[in-house]
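This briefing concerns pockets and helix packing in one protein model. Please examine the sequence and the structure shown below before reading the points that follow.

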Amino acid sequence: MSDSTISKLFVSSSQTINDQELYDLLLPYVSIDKDSHEIIFSQAFQELTNANKILIILSAMKAKSLHLKIDEKISPSEIIKISGIKPGSVKATLKALLDAKEIKSEKSRYSVPNYKISQLAAIFKNYNQKK
């Protein structure tokens, strides 16, 4: 086994995002207002579990950060305000996602690592096909 084969196992939070995968992940669930930059949720979003809603919100923040050059990390209170999910549910779900290494946290602000976007796109694609 060559060193280049082993190197494929290493991922980075700063690796480049495949824009198409991020778009495909978000399209069924959100749109972003061009003027206010507000995230607008579809009916399909409302049918997701709280964990999946939070993953979509964090992914939408990543899309906004790429387009608007803003910080993608958001606090639990911002997630509550954006989503309407109950505070206790948001905090418990963030902890579970963090413990499962699905998201990352820095100074109580949360984001999805870049390398997770491909995985999420595949998971949600399969999820949508089963419906």
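The second largest pocket is lined by Ser-36, His-37, Glu-38, Ile-39, Met-61, Lys-64, Ile-74, Glu-78, Lys-81 and Ile-82. The model is predicted, so local features need pLDDT of at least 70 and side-chain atom pairs count only at pLDDT 80 or more, while totals for chains, interfaces and linings use all residues. Residues are numbered from 1 along each chain as its sequence is written, and side-chain values use heavy atoms, with hydrogens and water left out.

**Second largest pocket**

- A pocket here is an open set of points on a 1 Å grid over the protein atoms alone, where a 1.4 Å probe fits, with protein on both sides within 12 Å along at least five of seven lines; lining residues have an atom within 4 Å of a point.
- The space in the second largest pocket is about 190 Å³, a volume being the space filled by probe spheres set on the points, which are joined across faces, edges and corners.
- Helices α4 and α5 (76-83) each supply at least two lining residues, and α5 gives the most, with three; helices are DSSP runs (H or I, at least four residues), as strands are (E, at least two), numbered from the N terminus.
- This lining divides into four nonpolar, two polar and four charged residues; Ala, Val, Leu, Ile, Met, Phe, Trp, Tyr, Cys and Pro count as nonpolar, Asp, Glu, Lys and Arg as charged, and the others, Gly among them, as polar.

**Largest pocket**

- About 430 Å³ of space lies in the largest pocket.
- Its lining has 16 residues, and Leu-26, Ile-32, Ala-63, Lys-64 and His-67 lie nearest the centre.
- Two or more lining residues come from each of α2 (19-26), β1 (30-32) and α4 (50-68), with α4 giving the largest share, five residues.
- By class, the lining of the largest pocket has nine nonpolar, three polar and four charged residues.

**Helix packing**

- The axes of α4 and α6 come within 10 Å and cross at roughly 75°; axes are lines fitted to C-alpha atoms, for helices over the stretch in contact, and angles run from 0 to 180 degrees between N-to-C directions.
- Helices α4 and α6 are therefore roughly perpendicular to each other (65 to 115 degrees).
- Contact, meaning heavy atoms within 4.5 Å, joins Asn-50, Ala-51, Ile-54 and Leu-55 in α4 to Ser-89, Val-90, Thr-93, Leu-94 and Leu-97 in α6.
- This contact has six nonpolar, three polar and no charged residues.

Technical notes
Parallel < 35°, antiparallel > 145°, perpendicular 65-115°, else oblique.
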